[in-house]
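Trainee: I've never looked at this one before. Can you walk me through how to read a few of its features?

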Amino acid sequence: MKRYQLAEYHLFQRLGKLILFNVETMLFYEVDPVISDAITCFEQAPDADIPALLRKKYSRWEVKNAISYLEKEGFLTKGDGLRHPYRTPVLTKRRGIRHLELLVTHRCNMACRYCYGIHGQEEWGSAPFLYGANSGSMSFEVAQKGVDYLFEKSGPRKQVSVIFFGGEPLLEIGLLKQIVPYIREKERETGKKADLSLSTNGLLLTPHIVDFLVENRVGCQVSIDGPAAINNRTRLLVNGCGSYDAIIQGVKRLISRRPGKVPARVTTVHNLVDLQGVVDHLLGLGFGSVHIEPAIGSSGDMGVTQDDVERIKGQNEALALFLVESVTKNRFFNYSNLVKHIRQTRVVRERLAYYCGAGRTYFALAQDGGFYPCHRFVGMESYRMGTIESGVDLTLQKKILSLTVDNRPVCKDCWARYLCGGGCWKHAVDAHGTLEGSNDKLSCQIIQHEIECAMAINSELAISDQDILSTMYEEATEPYLITDKGGA
Amino acid sequence: MQQTIDNAKRGFLKWICRLTGGYLFLSLSPAPLKRVNATLFSEAHGQTGCKPDWCTERDACEGDSVGHTCSVKDTCNVDESGDCETDSCNEDRSGACITDSCNEDRSGSCVTDRCVSDRSGSCVTDSCDVDESGTCNSDHCVSDSSVSCKFDQCNVDRSGSCVTDSCDEDRSGGCVTDRCVSDRSGICSDDSCNEDRSGDCVTDSCNEDWSGFCVNDSCIIDKSGSCGADLCRQDQGPDCATSDTCALDRVTGMRPRQQTLASKSLNRAMKWLYDLAMVILCIFTASLAHGQNSTVIDATNAILSPNPTFITAEPVSIDQPAGPFLRDCDGDGILEADTNGDGQCAGDPKVMDYRGIGTRELPPGTPFTGTFTFTCFHIPEDVAITATGPLNITASREVAIFGAMRLSDGIKIATPVDIDARLSTWLSDAGEIILSTALKGDAYNDLLPIELTDEQNLPSIQYTSTCDTTTETAIIRAIFPPEVTQGSAVTIKGSNLGIKKGKVALGSVKAKVNTWTPDTIFVEFKKVPTVAGPYDSFITPSKTPAIRTEAAYQVKAPEVLYVSPGGGRAGDVITITGKFFGKKKGKLILNDKKCKITAWTMDARTGASEVEFVVPKKLATGSATLTLSNKVGSFARSFTVYDPM
């Protein structure tokens with residue numbers, strides 16, 4: 001028997017499909033059990049006579065046929081020489097800033113139970129809360145300097161983006177009304193285009209503010225956790241009452257001005273997992289897409305547990321089945337947790353080296369003019385990356401650049417690393433106290449499961465029109481938190 | 001020797017046959033492996049040397065639409081000139097769109113222009129929406145009538161210096177002590193704001209408090225749930241989170257036993273918290289029949305402010321009445337209001353729950369003021385009518401007001417019949433409330449205490465208007481989802497179903513009715529027939545015959561979609577996913593052994609179901625049959641039992 005070397009692979013069964021994924025080539029296959037048994041035998045007994053080992057189940061011809069397919073598709077390589085598997089290169093060349101988050105305020109007019117502005121900010125010093133009614137706001141001067149810095153340091157890029165964050169950014173509508181025209185002015189001066197967006201709790205979506213957002217092309221994502229029964233358990237007004245009734249009129253107002261284009265951002269928490277109910281309800285309201293993130297890390301006792309994750313997986317599979325059924329009946333809905341992976345795995349354009357652009361091409365600017373990798377690090381002094389006066393400090397950026405998925409513990413051995421990028425930096429810091437740590441274990445499980453479901457969905461729909469998904473799932477929502485992925 | 005040759009020949013033939021058979025087998029068999037996706041990796045497809053435009057270092061390039069090899073960083077949306085170099089125009093008709101950033105270039109010399117519209121041809125550095133003067137330098141005007149609209153942010157600036165004016169809107173944020181109608185700056189803390197969206201309006205007398213900070217305000221509408229001191233009429237939400245007109249507020253526990261509304265001078269609807277007060281109202285008139293005294297106005301549980309004036313035995317002249325004030329003109333189940341009193345339906349606004357607050361209203365901003373004559377002036381319990389000016393109403397046949405009248409400048413209602421105002425709420429900013437009837441009888445001038453009881457004991461109004469045309473045919477429009485099982489939740493849409501809860505049945509099995517409105521019914525099937533198949537729907541509104549819809553429902557037996565994992569050993573936990581398992585736990589049998597079920601769930605709307613069970617002990621290794629069953633049916637699936645560890 002010839003000697004073979006085995007490529008890194010992942011074999012799994014999901015939605016009734018047996019899928020084999022080649023980690024390095026990023027191609028995946030729907031396979032028969034003979035392939036699955038053959039590759040498993042190779043892993044366990046690489047020197048054995050595989051056809052002989054499997055003779056009770058398959059004929060010799062079947063096994064040899066399977067081996068020849070595995071060889072053709074790059075799972076098996078002949079020879080005794082060492083393989084040189086792909087490793088993500090570490091880039092050192094700075095590509096300039098592309099996305100800037102302006103933390104326009106730390107004030108907030110709600111008191112969501114899982115807000116990381118309350119939990120986990122030990123470095124914030126004497127202030128008890130990062131976000132709250134008494135926290136500060138950004139001045140126009142700082143915002144203006146931040147915008148100038150973005151346009152200046154974006155290099156040859158023609159497209160940049162500014163994200164207004166908080167607290168609740170609409171509390172600073174006065175500042176927004178000053179800075180947005182200034183950004184448009186900079187567009188005209190420089191010839192660059194700026195995408196503007198913000199995330200809101202929906203409480204201040206009055207007719208005038210919605211008019212302002214729509215007329216000035218500011219994309220708007222709404223944080224809402226589902227129907228009232230769920231939303232009101234976690235997203236509370238400052239007096240402790242649920243917020244659903246208070247926000248729903250504004251939300252409907254915004255959606256009516258931008259039908260099918262408003263994304264919903266949902267946080268699912270411990271013991272309140274009902275993905276189907278949430279997706280059903282929010283898409284029924286008219287949201288263009290729904291993205292659900294589990295509360296992880298600095299969310300106190302609201303963080304999801306292993307039991308919750310099992311429930312999430314089960315519900316995601318049910319949603320996956322429903323999605324397949326809908327697509328085959330020419331009806332579709334954008335549950336982005338699955339849809340983004342469906343797109344990503346259907347035609348793979350790049351291997352992700354990082355989960356997001358935080359600290360590389362994406363920065364958050366705090367009220368005091370300090371740069372941070374993103375809003376979740378604001379207030380943590382050890383992650384401050386310079387100021388608008390001095391510019392972005394390279395030290396931390398170099399560390400971030402070096403931490404590609406192939407260089408992070410746990411990530412480097414994960415089959416999904418080039419599709420995931422390694423997970424949120426803040427999750428790693430919360431779980432391990434350092435950027436060098438891996439993503440939170442529960443978050444990893446969910447991401448891996450989502451990717452498996454996406455591959456199974458692609459496999460299920462591969463037998464029909466190949467273009468169905470790419471035409472159906474065009475990006476219909478406003479760009480939000482566009483992150484640079486891959487080696488850029 | 002011959003034997004050896006024969007043996008060799010036989011062996012060779014056997015080998016040939018095996019080889020041929022093998023290849024035949026392989027060529028006829030389907031491939032055991034089928035690729036699903038594709039990549040654009042240069043390595044995967046053998047491409048090298050991709051130029052860095054719009055690419056990462058490893059990806060394949062995306063070409064531009066003209067066919068260039070993407071060697072220049074093109075970013076044009078449209079390039080009619082063909083070279084797309086550094087252009088950033090949306091459209092370039094001139095062919096010379098170099099460094100331009102115009103939306104439209106009519107002059108052909110779109111150099112550094114920033115005009116949205118340039119009629120003067122000299123739109124240099126302008127940023128106006130409309131430039132009629134031709135000198136719109138650095139203006140931010142929406143409309144510039146004065147030619148000196150520098151830095152103004154007024155809606156209309158006629159003076160040219162709208163910095164410290166008492167603005168209708170102050171966008172500059174400097175309107176700290178101004179009497180703002182709307183405060184968007186968030187610093188209107190001392191202002192008498194009508195709206196406070198910033199959340200700082202703690203001591204302001206707000207009409208609406210979106211932020212939840214308006215705790216001590218005398219809100220008419222409390223969206224935050226902190227309506228402790230507000231003038232509420234009835235709390236329909238369990239946590240006062242909806243903008244009800246509460247008489248009780250369960251959040252604060254305020255249950256005034258006796259109330260008297262503030263005097264007219266206090267009734268500005270902006271004041272907060274009145275203590276225990278006495279609402280005084282009682283007027284009796286003679287009954288219609290045989291000279292007996294009858295109640296003209298029964299204001300039990302009513303809230304009236306200001307105190308109305310009641311006049312009896314006054315002659316009431318009836319002009320040509322215009323029909324009922326509220327009626328369903330177009331038969332869609334929604335009332336229209338004859339706010340211009342012409343008796344015609346054209347243009348009449350619909351009375352609906354526009355704000356999702358459980359109260360039907362006129363569309364916000366609808367003008368309703370003046371003198372009208374109607375046959376019936378009936379305001380149902382869940383309707384609130386807002387007047388924009390003084391109202392003078394004569395009703396020829398009926399005055400029955402159970403809902404709310406929000407008046408800006410008083411109302412006079414005159415009628416020759418009884419006025420039934422049980423459970424009414426009348427709030428008038430100014431003007432008087434004058435109710436007069438031509439019926440003879442004694443008018444009480446003494447003030448009687450009115451008790452507001454616990455909300456649960458409020459009598460429901462069983463009333464049919466003499467002008468009511470809405471009690472006609474009840475119609476069922478839709479029932480969904482059609483596929484149901486035990487525990488399913490179903491929505492029924494229709495019209496003219498009435499407000500009183502009726503009955504719903506699936507075949508002969510009754511459903512639990514959770515909510516019943518004139519157009520929507522929510523039911524739950526605690527039980528279903530035990531045989532799967534189509535069943536009729538029977539919907540019986542109050543006091544009307546049942547409405548039958550044939551084969552409206554399909555009762556479904558359980559369907560197992562997949563079992564994960566597909567095999568296990570004793571003690572393993574297995575998950576079954578499928579549909580229509582029912583909400584009540586059913587049975588799970590593996591061969592002949594009952595399985596311990598650790599979880600059994602079903603989504604009531606979609607039927608999506610999930611069950612978790614533990615593989616029992618003492619099962620024979622190998623293929624087994626897993627059967628899931630409930631009262632409607634069962635579903636069998638194969639399962640592999642492995643040897644115990």
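Predicted model: local features only at pLDDT ≥ 70, side-chain atom pairs only at ≥ 80, totals over all residues.

Trainee: Which residue does a disulfide join to B:C329?

Mentor: Look for two cysteine sulfurs within 2.5 Å. Here the partner is B:C345, with S to S at 2.0 Å. The link is left-handed, with -80 degrees about the S-S bond. The two cysteines are 16 residues apart: B:C329 sits in the loop between β10 and β11 of chain B, and B:C345 in the loop between β11 and β12. B:C345 is partly exposed as well, at 36%.

Trainee: How many disulfides does a search of the whole structure find?

Mentor: Just one over all chains. Take A:C424: the closest cysteine sulfur, in A:C374, is 6.1 Å away, so that's too far for a bond. A:C424 is buried, at 17% relative accessible area.

Trainee: Now helices. Which residues of α6 in chain A are buried?

Mentor: First the general idea: an α-helix has 3.6 residues a turn, so residues three or four places apart point the same way. In α6 of chain A, residues 207–215, the buried ones include A:I209, A:V210, A:F212 and A:L213. They sit on the same side of α6(A) because they cover an arc of only 155 degrees around the axis.

Technical notes:
Residues numbered from 1 in each chain as written. Chains lettered and ligands numbered in written order. Heavy atoms only, no water. Buried < 20%, exposed > 50% of the residue type's maximum accessible area, 1.4 Å probe, protein only. Helix = DSSP H or I, 4+ residues; strand = E, 2+ residues; numbered from the N terminus. Arc of directions from axis to C-beta.
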